[in-house]
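Visitor: I would like to learn how the words used for a protein structure follow from their definitions. Could you take me through some examples, one term at a time?

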Amino acid sequence: VVIMVDFCVMLHLNDALSIMKDKSQPFSVEFITCDETKKAGGEIVKIEKAFMCGLPYESKQRIGIKTEGNNYHPMAVHMRLILSLNGQKVWY
């Protein structure tokens, strides 16, 4: 589903996740960090060449994202904190 708002193309979260699951192409992603244990966060992170990967623990709301060339230490990103994918804003 693509929605036009103020001449800006937006992706629905489900469509963004589908694009991210394609492991043959890297994507650029922008998201907000959060640390639930410390109740801190709010830093905006942008990764130009990223891939979706699995996480070492079970999480229904988080996905693993790693940078190109980094086979270790995936970042756990809350799905609803993804701001943009490939330059398109993400909404849910």
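Guide: Let us start with His78, which has a relative accessible area of 17% and is buried. This is a predicted model, in which local features need pLDDT of at least 70 and side-chain atom pairs count only at pLDDT 80 or more, while totals for chains, interfaces and linings use all residues. Residues are numbered from 1 along each chain as its sequence is written, and side-chain values use heavy atoms, with hydrogens and water left out.

Visitor: Why is His78 called buried?

Guide: Buried means under 20% relative accessible area, exposed means over 50%, and partly exposed lies in between, with a 1.4 Å probe and protein chains only. The value for His78 is 17%, and therefore His78 is buried.

Visitor: What makes Lys46 and Glu48 a salt bridge?

Guide: A salt bridge requires a side-chain nitrogen of Lys or Arg within 4 Å of a carboxyl oxygen of Asp or Glu. The N to O distance between Lys46 and Glu48 is 3.8 Å, so the pair meets that definition. Lys46 is exposed at 53% relative accessibility, and Glu48 is exposed with a relative accessible area of 53%.
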